[in-house]
Amino acid sequence: MTAEQRIIEFLRKRKEEGALQSEIPKELKLSKSTVSEVLQKLESEGLIVREKVAGKSYRVWFFEFTPRPIEGIVRVGILKASEYPHVLLACNETNAKVKVFDSALELTKSLAMGLIDIGISPFITQTMFALTLRSIKIHCIVAFNGSGVLMKKELKNCRIFATSELSAMESNLKLFLEKTGFKISELSFKYVHSPESMIKNFNLCEFDAIAIWEPYFTMLKGRFRHVEFREVIGDYPCCSLASNVKFYETRKDFIDDFIKKLKVFVKDFDEDKAAKLTSNVMGFDEKLVLKSFNSYRFSAKLKKNDFRFLENYGLKLTNESIKRIIA
């Protein structure tokens, strides 16, 4: 492994903490001159960020983990789903770097910490983070609907449900169950980090039912009993687009242009182009992605009614609170 590869690996492991430049020669047993030369090269390529911290000392991060906006780079976080074709098209046009997350909680946490600049994750999750931490601003809903429940037995006989934590899946699942006559206190809920893990354990009969999103729902619904959430709870806002406050304060022009592009792509939706791009980024089958688009209503707007829907989950916001968390 070369000195450059070792330094990149070391900084990746240090994540958002980064490392003092003076630490690197000691930790990797490299000369100061070698480290300095490699860091200069990596910095010129945009792979690392250095920041003066005290005197002549510098803290160094791999660019993905820099906890603040980076000049010349825009980092966009999305979940592994087929929900964001218009977002991916806008990222392509603006040369934004896309990072795919398995967990809505981890994505929104990264956005709040400034490890990504723009994040697309569940509206309910972003709203709670925006209210409590005040480090993100919500700009628009990117899609409505797009998820449901898969069951191994009749719904009335299901008792163990799997879902992702603090997400649209969890909120919709519990609302769906209440509306179908269940008492939430009598049920068991298991929280799973990734859709692949959820599906694996579902196949091993660890759960009676799972709440899952597209395109996994379309992929599996031919094998199991299934219900789309919108059939019971109506249309619901799924994911929204938010920015880190520091990024918004310095790059408002970028955000405005990005959302304009989203609106154009929603209005003139080229589903074949969108499916191909989504397939390339996510690794999903292109035909599956195309079919899953039917579950969504894509958007690039934000309305008061979107916040009112959150009342179904028990989250009631005042007009003052809404004004504080939107851009």
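Good morning. I begin at the N-terminal end of helix H5, which Ser103 caps: a side-chain oxygen of Ser103 lies 3.2 Å from the backbone nitrogen of Leu105. This is a predicted model, in which local features need pLDDT of at least 70 and side-chain atom pairs count only at pLDDT 80 or more, while totals for chains, interfaces and linings use all residues. Residues are numbered from 1 along each chain as its sequence is written, and side-chain values use heavy atoms, with hydrogens and water left out.

H5 spans residues 104–113, and its buried residues (under 20% relative accessible area, 1.4 Å probe, protein chains only) are Ala104, Leu107, Thr108, Ser110, Leu111 and Ala112. Helices here are DSSP runs of H or I with at least four residues, and strands are E runs of at least two, numbered from the N terminus. The cover over the buried residues of H5 includes strand S4 (75–79), helix H6 (123–133) and strand S7 (136–145). After H5 comes Gly114, with a positive phi near 85°.

Leaving aside residues up to four places away in sequence, Val87 is in contact (heavy atoms within 4.5 Å) with Val76, Ile78, Ile120, Val142, Phe258 and Leu262.

Terms used. Buried < 20%, exposed > 50% of the residue type's maximum accessible area, 1.4 Å probe, protein only. Polar contact = N/O pair within 3.5 Å; in protein donor to acceptor, adjacent residues only side chain to side chain.
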